[in-house]
Amino acid sequence: MQVNLTREGDTLIAAISGELDHHTAAAMRQQIDTAALSCRCRVLRLDFSALTFMDSSGIGLIMGRYRLMQSMGGCVQLQGVSGRLERMIRLAGLDKLPIWNTQEGKE
Amino acid sequence: MKAMNELRLTFPSRSANEGFARAAVAAFVAQLDPAVDELADLRTAVSEAVTNAIVHAYPNELGPVTLTVRLYENGRVCLQVRDRGRGIEDVEKAMEPLFTTGGEERSGLGFSVMQSFTDRVRVRSTPGKGTTVTMDKYIALRVKGQR
Ligand SMILES: Nc1ncnc2c1ncn2[C@@H]1O[C@H](COP(=O)(O)OP(=O)(O)OP(=O)(O)O)[C@@H](O)[C@H]1O
Ligand SMILES: [Mg+2]
């Protein structure tokens with residue numbers, strides 16, 4: 001598991017690679033939150049295109065980051081969402097939130 | 001029907017074993033020649049059940065988690081995850097989508113994912129004694145060499 005953080009203007013991009021589960025989520029969450037709090041970007045984009053595994057811990061991670069960004073008046077965008085991940089997002093009812101990266105649309 | 005092969009593993013409730021349990025299931029089930037999606041479903045389902053044992057069954061201590069995988073000739077894969085932890089008071093309620101006692105970073109989706117990614121989920125639990133989650137999934141049997 002690895003998080004690659006880059007900044008593009010007002011957007012902080014967190015590209016997650018490898019396996020996202022309860023074991024790896026804690027460190028990932030900490031890296032993302034530290035960067036989000038210090039850069040004060042308006043948009044946090046979570047890029048899942050290099051993810052090889054995710055379970056419901058990833059949904060918890062998305063929801064937690066969504067709350068964090070909302071508390072700072074910002075928002076979260078998702079990118080590189082696989083069919084499997086989208087299925088979990090729907091189970092959680094998160095598909096109703098404005099979190100899809102509109103340039104890319106729903107995959 | 002008698003299982004044609006069986007795997008049983010017991011490990012302490014350390015979170016590093018979540019990935020190990022997924023890898024063990026994937027390697028063992030490979031002999032049924034599952035499709036990529038079927039294997040991914042099984043990996044996700046076992047990850048949910050093992051994580052629950054690690055997070056909820058033993059919140060403040062380490063305890064044993066036993067994973068049993070049984071393979072049947074008709075393509076049935078039976079996954080069982082057992083803990084000797086604190087148990088669940090109200091199983092029906094615990095299985096409701098989005099119900100969680102896990103706080104901010106848990107979504108309450110584990111049981112829903114297990115139900116969605118396998119064909120059957122059964123939960124037996126006794127408060128103070130532990131929980132057993134049993135999941136069945138049917139793998140499509142293929143003629144050797146096809147697909
Ligand atoms: N093995 C277990 N021992 C004790 N309690 C459990 C066990 N498994 C589940 N529970 C209880 O059932 C609830 C629902 O579990 P479920 O997996 O659906 O969601 P979660 O673990 O809380 O969140 P998520 O799986 O989305 O991270 C848990 O919050 C916990 O209270
Ligand atoms: Mg869970």
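## Close-up views of a predicted model

**View 1. The start of helix α2 in chain A.** A side-chain oxygen of D55(A) lies within 2.9 Å of the backbone nitrogen of S57(A), at the start of α2(A). This model is predicted.

**View 2. Helix α2 of chain A along its length.** The helix covers residues 56-71 of chain A. At 1.5 Å a residue, its 16 residues should span 22 Å, and the end C-alpha atoms are 23 Å apart, which agrees. After α2(A) comes G73(A). The phi of G73(A) is positive, near 75°.

**View 3. The cover over α2(A).** This helix is mostly covered. Twelve of its 16 residues are buried. Among them are S56(A), S57(A), G58(A), I59(A) and G60(A).

**View 4. D41(B) and its surroundings.** D41(B) sits in helix α2 of chain B, residues 36-57. Its relative accessible area is 8%, so D41(B) counts as buried. The side chains of D41(B) and K137(B) make a polar contact at 3.2 Å. Leaving aside neighbours within four places in sequence, D41(B) is in contact with R84(A) and R87(A) from chain A. In chain B, its contacts are F117(B) and K137(B).

**View 5. Chain B as a whole.** Chain B has four helices and five strands. Along the sequence they follow the pattern β-α-α-β-β-α-α-β-β. The C-alpha trace spans about 50 × 30 × 30 Å along its principal axes. A compact globule of 147 residues would have a radius of gyration near 15 Å; chain B has 15 Å, which agrees. Of the 147 residues of chain B, 51% count as buried.

Definitions and conventions:
Residues are numbered from 1 along each chain as its sequence is written. Chains are lettered from A and ligands numbered from 1 in the order in which they are written. This is a predicted model: local features need pLDDT of at least 70, side-chain atom pairs count only at pLDDT 80 or more; totals for chains, interfaces and linings use all residues. Side-chain values use heavy atoms; hydrogens and water are left out. Helices (H or I, at least four residues) and strands (E, at least two) are DSSP runs, numbered from the N terminus. The expected span of a helix is 1.5 Å times one less than its number of residues. Buried means under 20% relative accessible area, exposed over 50%, partly exposed in between (1.4 Å probe, protein chains only). A polar contact is a pair of N or O atoms within 3.5 Å; within protein, one must be able to donate a hydrogen and the other to accept it, and residues adjacent in sequence count only if both atoms are side-chain atoms. Contact means heavy atoms within 4.5 Å. The radius of gyration is taken over C-alpha atoms; the globule rule is 2.2 Å times the number of residues to the power 0.38.
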